[in-house]
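Here is a short briefing to read alongside the sequence and the 3D view. Take a look at the fold, and then let's walk through it together.

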Amino acid sequence: MAGTNLVVREAPAVGPGSRRYRLDCAHGSTSAVVLPGGSPLGEQIALQMLLLRHDRDNGCRCSRELRPEYAGVARA
Ligand SMILES: [Zn+2]
(Lines give C-alpha, C1' and ligand atoms only; values in the text may rest on other atoms or scores of the structure.)
Protein backbone atom coordinates (compact mmCIF):
# COMPACT_ATOMS: atom_id res chain seq x y z
CA MET A 1 0.00 0.00 0.00
CA ALA A 2 1.35 3.41 -0.86
CA GLY A 3 2.41 5.38 2.16
CA THR A 4 3.00 2.35 4.39
CA ASN A 5 6.55 2.22 5.66
CA LEU A 6 8.41 -0.12 8.02
CA VAL A 7 11.59 1.41 9.42
CA VAL A 8 14.21 -0.41 11.52
CA ARG A 9 16.70 1.63 13.52
CA GLU A 10 19.14 1.05 16.34
CA ALA A 11 17.75 2.01 19.75
CA PRO A 12 20.81 2.85 21.86
CA ALA A 13 18.69 4.61 24.48
CA VAL A 14 17.12 1.23 25.29
CA GLY A 15 20.40 -0.65 25.28
CA PRO A 16 23.27 -1.76 23.06
CA GLY A 17 22.11 -3.91 20.15
CA SER A 18 18.45 -3.02 20.61
CA ARG A 19 16.40 -2.23 17.53
CA ARG A 20 13.23 -0.20 17.16
CA TYR A 21 10.74 -1.21 14.47
CA ARG A 22 8.25 1.46 13.46
CA LEU A 23 5.36 1.08 11.06
CA ASP A 24 3.92 4.31 9.71
CA CYS A 25 0.88 4.76 7.52
CA ALA A 26 -1.69 7.46 6.90
CA HIS A 27 -3.68 6.16 9.88
CA GLY A 28 -0.95 6.26 12.52
CA SER A 29 2.34 4.90 13.81
CA THR A 30 3.12 1.76 15.79
CA SER A 31 6.49 0.80 17.19
CA ALA A 32 8.17 -2.00 19.09
CA VAL A 33 11.67 -2.54 20.45
CA VAL A 34 13.47 -5.86 20.06
CA LEU A 35 16.16 -6.49 22.65
CA PRO A 36 19.42 -8.22 21.72
CA GLY A 37 20.13 -11.83 22.55
CA GLY A 38 16.79 -13.28 21.56
CA SER A 39 16.20 -15.95 18.96
CA PRO A 40 15.35 -15.13 15.32
CA LEU A 41 11.97 -16.78 15.93
CA GLY A 42 11.33 -14.47 18.88
CA GLU A 43 12.08 -11.44 16.73
CA GLN A 44 9.81 -12.75 13.97
CA ILE A 45 6.96 -13.17 16.46
CA ALA A 46 7.55 -9.67 17.85
CA LEU A 47 7.32 -8.19 14.37
CA GLN A 48 4.18 -10.13 13.52
CA MET A 49 2.63 -8.81 16.73
CA LEU A 50 3.67 -5.28 15.77
CA LEU A 51 1.96 -5.59 12.39
CA LEU A 52 -1.23 -6.99 13.89
CA ARG A 53 -1.25 -4.37 16.67
CA HIS A 54 -0.84 -1.61 14.09
CA ASP A 55 -3.96 -2.69 12.22
CA ARG A 56 -5.95 -3.17 15.44
CA ASP A 57 -4.96 0.15 17.02
CA ASN A 58 -5.41 2.21 13.86
CA GLY A 59 -8.43 0.45 12.40
CA CYS A 60 -6.62 -0.13 9.12
CA ARG A 61 -5.30 -3.11 7.17
CA CYS A 62 -1.99 -1.61 6.06
CA SER A 63 0.21 -4.32 7.54
CA ARG A 64 -1.24 -6.97 5.24
CA GLU A 65 0.82 -5.52 2.42
CA LEU A 66 4.00 -5.96 4.47
CA ARG A 67 3.53 -9.47 5.80
CA PRO A 68 4.88 -11.41 2.80
CA GLU A 69 7.83 -9.02 2.52
CA TYR A 70 8.53 -9.28 6.24
CA ALA A 71 8.43 -13.08 6.16
CA GLY A 72 11.11 -13.08 3.48
CA VAL A 73 13.34 -10.75 5.47
CA ALA A 74 12.92 -12.76 8.65
CA ARG A 75 14.12 -15.94 6.97
CA ALA A 76 17.20 -14.27 5.46
ZN1 LIG B 1 -2.15 1.50 8.83
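Through how many residues does a hairpin join β2 to β3? The hairpin does this through 2 residues. What you have here is a predicted model, in which local features need pLDDT of at least 70 and side-chain atom pairs count only at pLDDT 80 or more, while totals for chains, interfaces and linings use all residues. Residues are numbered from 1 along each chain as its sequence is written.

**Overall layout**

- The chain's secondary structure comes to 2 helices and 3 strands, where helices (H or I, at least four residues) and strands (E, at least two) are DSSP runs numbered from the N terminus.
- Read from the N terminus, the elements follow the order β-β-β-α-α.
- Of the 76 residues in the chain, 17% are buried; a residue is buried if 20 or more other C-beta atoms lie within 10 Å of its own, exposed if 12 or fewer, and partly exposed in between, with C-beta atoms placed from the backbone.
- Taking contacts between residues at least 6 apart in sequence, 33% join residues at least 24 apart; a contact means that the two C-beta atoms, placed from the backbone, lie within 7 Å.

**The sheet**

- An open sheet is formed by 3 strands in the order β1-β2-β3, with antiparallel pairing; two strands pair if DSSP finds at least two bridges between them.
- Its edge strands are β1 (5-10) and β3 (28-34), each of which pairs on one side only.
- Neighbouring strands are turned by 20° against each other on average, direction ignored; axes are lines fitted to C-alpha atoms, for helices over the stretch in contact, and angles run from 0 to 180 degrees between N-to-C directions.
- β1 and β2 (residues 19-25) are joined by 6 bridges in the antiparallel sense; V8 has Y21 as its bridge partner in β2, and V7 has R22.
- β2 and β3 pair over 7 bridges, also in the antiparallel sense, and L23 stands opposite T30 in β3.
- In the loop between β1 and β2 you will find V14, which is partly exposed because 14 other C-beta atoms lie within 10 Å.
- V14 and L35 are 21 residues apart along the chain, and their C-alpha atoms are separated by 8.2 Å.

**Helix α1**

- Helix α1 (residues 40-58) packs on the sheet, where it touches β2 and β3, and its direction makes about 160° with that of β3.
- With 19 residues, α1 reaches 27 Å from its first C-alpha to its last, close to the 27 Å expected at 1.5 Å a residue; the expected span is 1.5 Å times one less than the number of residues.
- The buried residues in α1 are L47, L50, L51 and H54.
- Seen down the axis of α1, its buried residues fall within an arc of 90°, so they line one face of the helix; the arc is that of the directions from the helix axis to the C-beta atoms.
- The C-alpha atoms of Q44 and V34 are separated by 9.9 Å, with the two residues 10 apart along the chain.
- Just after α1, G59 takes a positive phi of about 65°.

**The nonpolar core**

- The largest nonpolar core has 10 residues in all: L6, Y21, L23, C25, V34, L47, L50, L51, C62 and L66; such a core is a set of buried Ala, Val, Leu, Ile, Met, Phe, Trp, Tyr and Cys residues joined through C-beta atoms within 7 Å.
- β2 and α1 are the elements that give two or more residues to this core.
- Leaving out residues up to four places away in sequence, Y21 touches L6, V8, S31, A32, V34, L47 and L50.
- In soluble globular proteins, nonpolar side chains tend to be buried together.
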